[in-house]
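Dear colleague,

I am passing on a structure to you with this email, and below it you will find what came out of going through it. Please keep the structure open while you read, so that you can follow each part in turn.

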Amino acid sequence: MDIVFIKDKFGNDRQCIGEDIRLPPFKGNLSFADRLRLIHNFDLRPDDVIVAGYMRSGNNWLHQMIYMLLEGTLDPPPLFGPDSNVHLESASDTSRVLPPVKPRALFTHLLFKDLPKVVTEKKVKVVHITRNLKDVFVSLYSLTEKLPNIRYHPPWPEFLSTMLDDGFWYGDAFHHVTSWEKAIDDHPEHPFYCVTYKELTQNGVDQLENIDRFLETHRGRPFCQAVVEKCHIDNMVNLRIAQDAVFNGAMLFGKGVVGDWKNWFTVAQNEEFEEVVRKKMAGYKSLLRYQLE
């Protein structure tokens, strides 16, 4: 599986698959090269949908709502079973992606350049989500603390410093955000819809109605309202996790609170974060969102 251990500046080992993309250590025996080949050659329908964003940005939540839009039902079967995987880069012979018998919603944390080649060829619609990286870092830290098989458990100050430096899984979060922003700007012909986690929490029905129009699913506002209510954080485990899933799905879902970072960051840590944002996001539109926090 080509596990590599990349030390942070404190000497802690970060366990990843591959040194470039830094995938999490998914189950299965695929080599890194074979996994990249599978992703690159993965076939998609023109009416499939990809939900993309950095880890802990609300991907599961948004994906569930889009999945229900495509299915046209408030009671779809659970996902994340051995035959119903929807996470693109974790697909393997033991974690099979939903078959292409109808439009599918898949989600990924990859950069646009690393998506299957048919995404651009077939103009597959992409819904991109971002979240305040302060909340992302807190949520990712809380997740790693719950994962018994992950050996990377530094104290919070070291974890935060590492995320400000070059990140953990999927690499530098700041680069991830700016790379996606540049890809969207560089491909005006591609169908993208961009949304923030905060917008979904504050105006979920309006945003889902916009996505409904973008996807041309034509479900209407009453259905979108029902989907938002159904996908409350307390319901997500039962909606997502199949009974035969081989992992504890509850650990995937945090509190989902906007601004939880304020319970973690010291004044000095917040000032350091803002300095890194100004440095790494200079010239990007996404910088404006962080200046307003």
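Strand β3 (residues 49-52) runs parallel to strand β4 (residues 105-108), and four bridges join the two; helices and strands here are DSSP runs, numbered from the N terminus, with helices being H or I of at least four residues and strands being E of at least two. Strands are said to pair if DSSP finds at least two bridges between them. Within β4, the bridge partner of Val49 is Ala105. Strand β5 (residues 125-130) is also parallel to β3 and is joined to it by four bridges, with Val126 of β5 standing opposite Ile50.

This is a predicted model, in which local features need pLDDT of at least 70 and side-chain atom pairs count only at pLDDT 80 or more, while totals for chains, interfaces and linings use all residues. Residues are numbered from 1 along each chain as its sequence is written, and side-chain values use heavy atoms, with hydrogens and water left out.

Which way do the residues of β3 point? Val49 and Val51 point one way from the strand, Ile50 and Ala52 point the other way, and all are buried, where buried means under 20% relative accessible area, exposed means over 50% and partly exposed lies in between (1.4 Å probe, protein chains only). In a regular strand the side chains alternate between the two faces of the sheet.

β2 is mostly covered, since four of its five residues are buried.

For the chain as a whole, there are twelve helices and six strands. The radius of gyration is 18 Å, close to the 19 Å that the globule rule gives for 293 residues, so the chain is as compact as a globular protein of that length; this radius is taken over C-alpha atoms, and the rule is 2.2 Å times the number of residues to the power 0.38. The C-alpha atoms fill a box of roughly 50 × 45 × 40 Å, taken along the principal axes, and buried residues make up 55% of the 293 residues. Of the contacts (heavy atoms within 4.5 Å) with a separation of 6 or more, 68% are accounted for by residues 24 or more positions apart.

Which residues of the largest nonpolar core touch the most other members? Among its 58 residues they are Leu133, Phe137, Trp169, Tyr170, Phe174 and Trp180, a nonpolar core being a set of buried Ala, Val, Leu, Ile, Met, Phe, Trp, Tyr and Cys residues joined through side-chain atoms within 4.5 Å. At least two residues of this core come from each of β2 (13-17), α1 (32-40), β3, α3 (118-121), α4 (133-146), α5 (156-165), α6 and α11 (267-280), and α4 gives the most, with seven residues. Apart from this core lies another, of 34 residues, among them Val51, Trp61, Leu208 and Val227. In soluble globular proteins, nonpolar side chains tend to be buried together.

Helix α6 (residues 173-186) deserves a separate look. Ten of its 14 residues are buried, so α6 is largely enclosed by the rest of the structure; the buried residues include Phe174, His176, Trp180 and Glu181. At the start of α6, a side-chain oxygen of Asp172 reaches to within 2.9 Å of the backbone nitrogen of Phe174. Not counting residues up to four places away in sequence, Trp180 touches Ala52, Leu110, Leu111, Phe112, Leu115, Val126, His128 and Phe192.

Tyr170 lies in the loop between α5 and α6, has a positive phi near 65° although it is a residue other than glycine, and counts as buried at 7% relative accessibility. Arg22, in the loop between β2 and α1, is not a glycine and has a positive phi of about 60°, and Arg22 is buried, with a relative accessible area of 10%. Asn270, in helix α11, counts as buried at 16% relative accessibility, and, leaving aside neighbours within four places in sequence, Asn270 is in contact with Lys134, Trp261 and Phe265.

With best wishes

Methods:
Polar contact = N/O pair within 3.5 Å; in protein donor to acceptor, adjacent residues only side chain to side chain.
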